[in-house]
Amino acid sequence: MIGVDTLAENFMDVLEILADPSRHSKIEDEELCSFLTQFLVKHKSYNILNTSQEAAVCGAIKRRYHNTPPPPKTRDLVNKLDQQRTSEEDKKSSFLDLFRRAGWAATASVDSVKDMYRRKGVANGTGTLTEADIMTVIKFMSSTFSDFDARQEQSWNAENFGKATAQLVTLAIAWLMLDAGTGLGRDPH
Amino acid sequence: MDADRRKQNDLSRANIVRAQVIFLCSTLNDENWEDKLLELKKVCPSSMRSAELPQLEEESGVEAYITKIRKFIEISAPRIFQGKNGPQDPTGLIFRLLSEEIKAIANKPTLSYRFRDALNAEQPVVFKIFDFERFCEQIGLDGLEKSVLALSLLESPKSDLQQKGISIRSPY
């Protein structure tokens, strides 16, 4: 297919141009936003780009505006696409993977731990976590905990993790208990 | 009744504008090109600024513009696909004008549908089997500009433009 072939063949070139503010330097916000919308949203059904390539396009735009404020329409579109992609990736990732990727910053505060739960849909009730999911994270934290780093507040903060977990997963644990006892406690979602 | 009459008038007007565009393109040469170009711009402004668009659409400007691009492509076809200037454009003047217009469209993703519409023709043969890759190469488009035009083709009503691969042969 002409369009799709051309787009695939020119992809690396497009990335370079988008990342370089000296090329097409006068492109207007509306035009750039229109191009990105056509490339990343409107013609998605043609499977022109995979998820990593979509992320690379958004990354190129961020590099383009690294030293200058991004134009509003383009900025909003890129942020929206980033959020959608992160949300999709989070759904596919395990709870442990989220902590692995975020590192100790995930437990830097109670709110940051709550954010990890939110990303798995626990806070808004769309996702479920099993006791095993949480235990795996605790084991991971234990195995990678550094006392030395913790003194400099650069390691896992078990207290924050505990507080957030106690506040958010009561219901999930209750389901687990029911599940273990009767086999009927599966979350309808 | 009034609406029908208005529609009829618009159609007649569009046909006259198209005929003017074709005539002006066909009679451009080195001696008269400044005058003819001025006339061409009056009949069919380049219309690349979005702000001008509503007025131009009212005046059948888009159709005239598309007719102009088609005529430019037709006249420049020997140069683009064969590598030598054709009899209607011995000095490559029309090719230069075409290049400017195509570059302008390729830098305006909001208006790139005009390229798709310009290619949405069966006659002459250059539109029937259009070598898009070679066209972009000859015009000198970069990757982003090519991609802007390629995206517009994804919505082409012509299945050959969507489905034929890049191995399409030049008609020349």
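Which residues touch the most other members of the largest nonpolar core?

## Nonpolar cores

They are B:Cys25, B:Phe72, B:Ile94, B:Leu98 and B:Leu149, in a core of 57 residues, where a nonpolar core is a set of buried Ala, Val, Leu, Ile, Met, Phe, Trp, Tyr and Cys residues joined through C-beta atoms within 7 Å, and buried denotes 20 or more other C-beta atoms within 10 Å of a residue's own, with C-beta atoms placed from the backbone. Helix α4 (residues 61-82) of chain B supplies the largest share of this core, nine residues. A second, separate core has twelve residues, among them A:Phe99, A:Ala106, A:Tyr117 and A:Ala164.

## Basis of the model

This is a predicted model, in which local features need pLDDT of at least 70 and side-chain atom pairs count only at pLDDT 80 or more, while totals for chains, interfaces and linings use all residues. Residues are numbered from 1 along each chain as its sequence is written, and chains are lettered from A, with ligands numbered from 1, in the order in which they are written.

## Chain A and a helix pair

Chain A has eleven helices and zero strands, helices being DSSP runs of H or I with at least four residues and strands runs of E with at least two, numbered from the N terminus. Of its 189 residues, 23% are buried.

In chain A, the axes of α2 (residues 11-19) and α4 (residues 51-64), lines fitted to C-alpha atoms over the stretch in contact, come within 7 Å and cross at roughly 25°; the two helices are therefore roughly parallel, a label for angles under 35 degrees. Residues taking part in the contact (C-beta atoms within 7 Å) include A:Phe11 and A:Leu15 of α2(A) and A:Ala56 and A:Arg63 of α4(A).

Terms used. Axes fitted to C-alpha atoms, helices over the stretch in contact; angles between N-to-C directions. Parallel < 35°, antiparallel > 145°, perpendicular 65-115°, else oblique. Contact = placed C-beta atoms within 7 Å.
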